Amino acid sequence: MEMLADDNASETLKPLVFRLHENAPAIIREVLLERGWTEFDQKEQDDADWNLYWRNSPFPMTDHHSIKPWQRLNHYPEAVRITRKDYLARHLKRMKGAYGSTLYEFSPVAFIMPNDYVKFIAEYSKEIQSVGRPSYWICKPVHLSRGRGILIFQDIKDLVYHCTVIVQKYISNPLLISGYKLDLRLYVCVTSFCPLTIYTYEEGLVRFATEKFDLSSLDNVYAHLTNTSINKYGASYKTFKEGIGCGCKWTFSKFRSYLRIFGVDDMLLWQKMNNIVILTLLAVTPLPEASNCFELFGFDILIDDKFKPWLLEVNYNPALCLDCSIDDTVKRKLLHDIVELLNYKQVDAHRQNEMPGSKAVRRRQVPWRRTGQSTPEQAPGLLSGQKVSTSISAPQTQPALQFARGSIHKVSSPTRKTARAHPRETLTSQLREKMNKPKTSTQVKIEAKNKQLPAVHSPFISAQLSRWSPSPEICNYKLSTRPYFLSDKDQMPTRQVGGFVLIFPFNEAALQASKDGTDVKSIIKEINKLVSKQNSARQKKTKSV
Ligand code: ADP
């Protein structure tokens, strides 16, 4: 069972207890059982007799209010502010306006439809006038995932949508390996939004399309979408593909080796990706204060042929299913490292309220502060990318597991008069037909609901779009338990835990600016300074070569 670093090692050891909500991925149970945890039994155990509660949907606020010091929840309140495509687009647009497009130019230009319809038409017409032809666009329903309902188009006549969608510039020059498109699934764990504390996972998944990229066949899902949920049904999925192999996945490690062979600076790419993560999460701060929770995000990043990373979207509940052995290797270790990051102590296994004056209670009262010992001068991962000696390595602690351890908004042309009689179907509707799958009940419900709405500028949609504002109930919620994400030694976040590398705070100034409410302006200033340092270091390196 889990061996916990703690004060009371001599006491009777109790196992840690996990609680899974229905539909929680099976691998979570497997990993926790591997670590010697036991599963919560609602009939036998008290309501609060668990240490980790994992669910696929947000927790009711009552769960956050009643959190105990020994417990952790796998969602932060309102984390969905960046995981829905339209919310993300709005936040990033706002940040671009406030802090300049140079820093925030990592996300493809996007329009939320139907609200931004007029703006989109203006952009589309401007391009035709200046370049002579429109560029490529991708249309994605905001409430769907796994590549469902996506349409790629060049001619506006082909744009059709049945619900709120984002229409985003299609990156038409992606990095290709042997002709295959790819994107990266980067795992990011936020252990606190207040103060902001962000880790990125060094290992991750490279996801390939399974047919060669070809702009003359925009309908081919297997060539344009990199979702495994789609490509695993492709005819070439199991066959050996030159340069890629079988299946549709690589690990980051393999991808990095590949880049190095071709002389590409993989560290620079990693730094840029970490910058994207920080800048994106800054866009949603402040989130309401809540203690003892964490959020695992899946950042989808596409690299273009100039090695520029683009943020496509941020996933809530990144897929933890095991489609192949690469999934097993990456996701199992990821989950073990998450448990390490959650920093359980022996006292947590007792699952009792501490006595006043006890060590745990005193620890709880220690605010976020610097002791003068070790400060994250410059955290690894962001900007420096080097490992530090103060890391806790999950594999080192693993051997000790022996114990206590619609109105259909159909837009075919600016005037609508030139609409095609039979617009193209979305890529995945074709796939659904191929797979002979019916629409999901959610899709049917949403379409039925939208059918009752007036076209474009519907108040229902505006209300949906503004739903990201924090509720007063949430704003009033105060931190009540000790911050688990700080080390006992110096009350600082640990710089590395297994494969998780701390990328924020990345220096003393960023730390100060995130202490009492996030001072986004000062943090952006620090990021700007560091990015220019990075650039000049790179220029020096290039000159000396
Ligand atoms: P979903 O939530 O449905 O997976 P994504 O935004 O991740 O939606 O898009 C699915 C896939 O479509 C991505 O994995 C990527 O391969 C492709 N894609 C999405 N947006 C773009 C874009 N702007 N440019 C190029 N490819 C894109």
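Trainee: Which residue just after helix 7 takes a positive phi?

Mentor: That's Gly-263, with phi of about 75°. Keep in mind that we're looking at a predicted model.

Trainee: What makes Ser-178 stand out, then?

Mentor: Its phi is positive too, near 50°, and Ser-178 is a residue other than glycine. You'll find Ser-178 in the loop between strand 9 and strand 10. Arg-146 is another non-glycine with a positive phi, about 55°, and it sits in the loop between strand 6 (137-141) and strand 7 (151-153).

Trainee: Why is Ser-178 called partly exposed?

Mentor: Buried needs under 20% relative accessible area and exposed needs over 50%. Ser-178 has 33%, so it counts as partly exposed.

Trainee: Back to helix 7. Which of its residues are buried?

Mentor: Helix 7 covers residues 252-261, and its buried residues are Phe-252, Phe-255, Arg-256 and Leu-259.

Trainee: How do you know that they line one face of the helix?

Mentor: Look down the axis of helix 7: the buried residues fall within an arc of 100°, so they line one face. Among the elements covering them are strand 10 (180-193), strand 13 (249-251) and helix 8 (266-282).

Trainee: What makes the 70 residues around Phe-255 a nonpolar core?

Mentor: The term asks for buried residues of the nonpolar kinds, joined through side-chain atoms within 4.5 Å. The 70 residues form such a set, so they are called a core, the largest one here. Phe-255 is one of those with the most contacts inside it, as are Ile-198 and Phe-299. Helix 8 gives the most to this core, nine residues. There's also a second, separate core of 34 residues, including Ala-24, Leu-32, Leu-52 and Val-497.

Trainee: What does Phe-299 touch?

Mentor: Leaving out residues up to four places away in sequence, Phe-299 touches Leu-184, Leu-186, Val-277, Leu-281 and Leu-311, among others.

Trainee: Which peptide bonds are called cis, and where is omega for each?

Mentor: One joins Met-113 and Pro-114, with omega about 10°. The other runs from Cys-194 to Pro-195, with omega near 5°. Pro-114 is in the loop between strand 5 (110-113) and helix 4 (117-131), while Pro-195 is in the loop between strand 10 and strand 11.

Trainee: Where is the pLDDT below 50?

Mentor: The protein averages 80, and 74% of the residues score at least 70. Residues 355-423 are below 50, although this stretch has 187 contacts in the model beyond near neighbours in sequence. Residues 442-480 are below 50 as well, with 73 such contacts.

Key:
Residues numbered from 1 in each chain as written. Heavy atoms only, no water. Buried < 20%, exposed > 50% of the residue type's maximum accessible area, 1.4 Å probe, protein only. Helix = DSSP H or I, 4+ residues; strand = E, 2+ residues; numbered from the N terminus. Arc of directions from axis to C-beta. Contact = heavy atoms within 4.5 Å. pLDDT = per-residue confidence, 0-100.
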